[in-house]
Amino acid sequence: MTRVALLFGGISTEHDISRKSADNVISALGDRFDLVLIGITREGRWVLCPTGTNVISDGWDVDGACSSVVVLPGRGLAVVGSDGDLNPLAVDVAFPVLHGQGGEDGTVQGALEVAGVPYVGCGVMASSVCMDKDAAHRIAAAAGVRSPHCEVLWRGCSPQDREGAVEACGGFPVFVKPARGGSSIGVSRAEDPSSYAEALDAAFALDKKVAVEEAITGVEVGCAITGDAVFGTSMGEVDEIVVSGGGFFRIHLEKNPGENTQLRCPSDLPEDVLARVRAAGTAVYEALGCEGLARVDLFVTPEGEVVFNEVNSMPGLTYYSRFPQMMRVAGHELGDVLEALVNDRLTRR
């Protein structure tokens, strides 16, 4: 049976979300592959979790609870024995179910490349570029997809630079985001100078590079895409987000993931608009060099214009996440989608 190293956890603020995604992936793939569970602690240590570990609640991330896993350049993965010896850990392919910095940004992908371990999902460049909102917007715009005006600020920038970023975006309101982030964590909508200052503080606490974006008025839609530009892509149903009570979409509210939102899948938008959404989503996916799977998020304005928002190069795979739902509504269960991705990656080694 094919051995799949499932990587989860990680050092980002999305550590807990990754564990939930991994738990759902285990449920989907546990009887299809021999899963090797490799947890990454919040401090960045890789550990081998016993088969049957509850990746959400078990204390695998406690020091000493599990054996350490190391990356060996050109030689794959190994487990550190009690005597310090390195014991090879044979796997056929890795599946890094990691979200945010230190996992979705190309770093783990680069480590797997160095080790010579094939993996499911976007490569080093695509992962890195998708994580950087400024870079992703520039490439999407070059591919002909409208993107919000974006100004970059660095931690310690002058008050003049902060004011200038808002002016360049056309004034308030603006969105303030950690420039290298994979979710709504640290993202704020600023309506005035006071809320803008608070938003910058929140974003700079997570990243030294912050993106200040023009606020686009419209409906947020998503495209769940698999494949690549060479061998072709496929897409699930387009979904649509309706936010209630003001604010904006926050799928990872832990107590009630859908508390302030309604997810419509399929979207209720007119077919001609959806055709433009699909075309734009595919154009962005291919321009950024995505492969395996990703979720491309866009806005549709009241005038019907399609505007790029962001790409999640490893979308959430929890029971309530958008990517599995969009695939399911299109007739594709998550287990079948992921199994195909693993097998496809193995045929291209």
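Is Ala165 buried or exposed, and what is its relative accessible area? In this predicted model, Ala165 has a relative accessible area of 2%. Ala165 counts as buried because that value falls under 20%. The residue belongs to helix H5, which covers residues 159-168. Setting aside the neighbours within four places in sequence, the contacts of Ala165 are Glu151, Leu153, Tyr196 and Val212. Cys265, by comparison, lies 100 residues from Ala165 in sequence, and the two C-alpha atoms are 36 Å apart in space.

Side chains of opposite charge can pair when their charged atoms come close. In this model, 25 salt bridges are counted. One of them joins Asp16 to Arg42, with 2.6 Å between the closest N and O atoms. This pair brings together distant parts of the chain: Asp16 sits in helix H1 (residues 15-29), while Arg42 sits in the loop between strand S2 (34-40) and strand S3 (46-49), and 26 residues separate the two.

Glu271 pairs with Arg278 at an N to O distance of 2.8 Å, and Arg278 is partly exposed, with 28% relative accessibility. Asp344 pairs with Arg348 at 2.9 Å, again N to O. Here Asp344 has a relative accessible area of 31% and is partly exposed; Arg348, at 30%, is partly exposed as well. Elsewhere, salt bridges with shared partners connect Glu220, Asp239, Arg295, Asp297 and Arg322 into one network.

The strands on either side of the loop that holds Arg42 deserve a look of their own. How do S2 and S3 run, and how many bridges join them? The two strands are antiparallel, and four bridges hold them side by side in the pairing. Within this pair, Leu37 is found opposite Cys49 of S3. Together S2 and S3 make a hairpin that has five residues between the strands. Gly44 lies in the turn and has a positive phi of about 100°.

S3 also pairs with strand S4 (residues 67-72): this pairing is antiparallel and has two bridges. Leu48 has Ser67 in S4 as its bridge partner.

Definitions and conventions. Residues are numbered from 1 along each chain as its sequence is written. This is a predicted model: local features need pLDDT of at least 70, side-chain atom pairs count only at pLDDT 80 or more; totals for chains, interfaces and linings use all residues. Side-chain values use heavy atoms; hydrogens and water are left out. A salt bridge is a side-chain nitrogen of Lys or Arg within 4 Å of a carboxyl oxygen of Asp or Glu. Buried means under 20% relative accessible area, exposed over 50%, partly exposed in between (1.4 Å probe, protein chains only). Contact means heavy atoms within 4.5 Å. Two strands pair if DSSP finds at least two bridges between them.
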